[in-house]
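Dear colleague,

I am passing on the structure we spoke about, and below it I have set out what was found. Please read the notes with the model open beside you.

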Amino acid sequence: MKRLLFWFIRIVPAIILFQTLFFKFSAAPESVAIFSKLGIEPIGRIGTGIIELVAAILLIIPKKSFYGAFIGFGTMVGAIASHLFILGIETNNDKGFLFILACTTALFCLIVLYQEREKINYLVKKLFRCL
């Protein structure tokens, strides 16, 4: 059961991140409209797509899922902030679906980070040794 939960918590955000890539990389009108409104089209759309691709791949590699969750969480915080302050919860008449996907991905990434919190301690100690 623990093993199934381990995979479920990582697969859900990876799937969400993977499925949005088609829209970003194919320059779907909905995606272009969002990034145009943010003033970062096309560089922001493609750059975000690359970052989300890396996060999704890392999430499904057990020894690297911490890094994928870290990248995914940071990206989703940006997406959530964009919805709250610029785009609005509902974008392109999606009834808030993209906002809900961003919140879901952020939550699951946060759970992965919590599960692997010993890596945070290790990285912080390693950082302070370097300073």
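Contact here means heavy atoms within 4.5 Å, and helices (H or I, at least four residues) are DSSP runs numbered from the N terminus. This is a predicted model, in which local features need pLDDT of at least 70 and side-chain atom pairs count only at pLDDT 80 or more, while totals for chains, interfaces and linings use all residues. Residues are numbered from 1 along each chain as its sequence is written, and side-chain values use heavy atoms, with hydrogens and water left out.

On that basis, Leu113, Tyr114 and Gln115 in H5 meet Arg117, Glu118 and Ile120 in H6. The axes of H5 and H6 (residues 117–130), being lines fitted to C-alpha atoms over the stretch in contact, with angles running from 0 to 180 degrees between N-to-C directions, come within 4 Å and cross at roughly 70°. H5 is therefore roughly perpendicular to H6, a term that covers 65 to 115 degrees.

Helix H3 (residues 43–59) packs against helix H4 (residues 65–87) at an angle of about 145°, with the axes 7 Å apart. Among the residues in this contact are Leu58 and Leu59 of H3, and Ala69 and Met76 of H4.

Leaving aside residues up to four places away in sequence, Ala69 touches Leu59, Cys109, Val112 and Leu113.

Notes
Helix = DSSP H or I, 4+ residues; strand = E, 2+ residues; numbered from the N terminus. Parallel < 35°, antiparallel > 145°, perpendicular 65-115°, else oblique.
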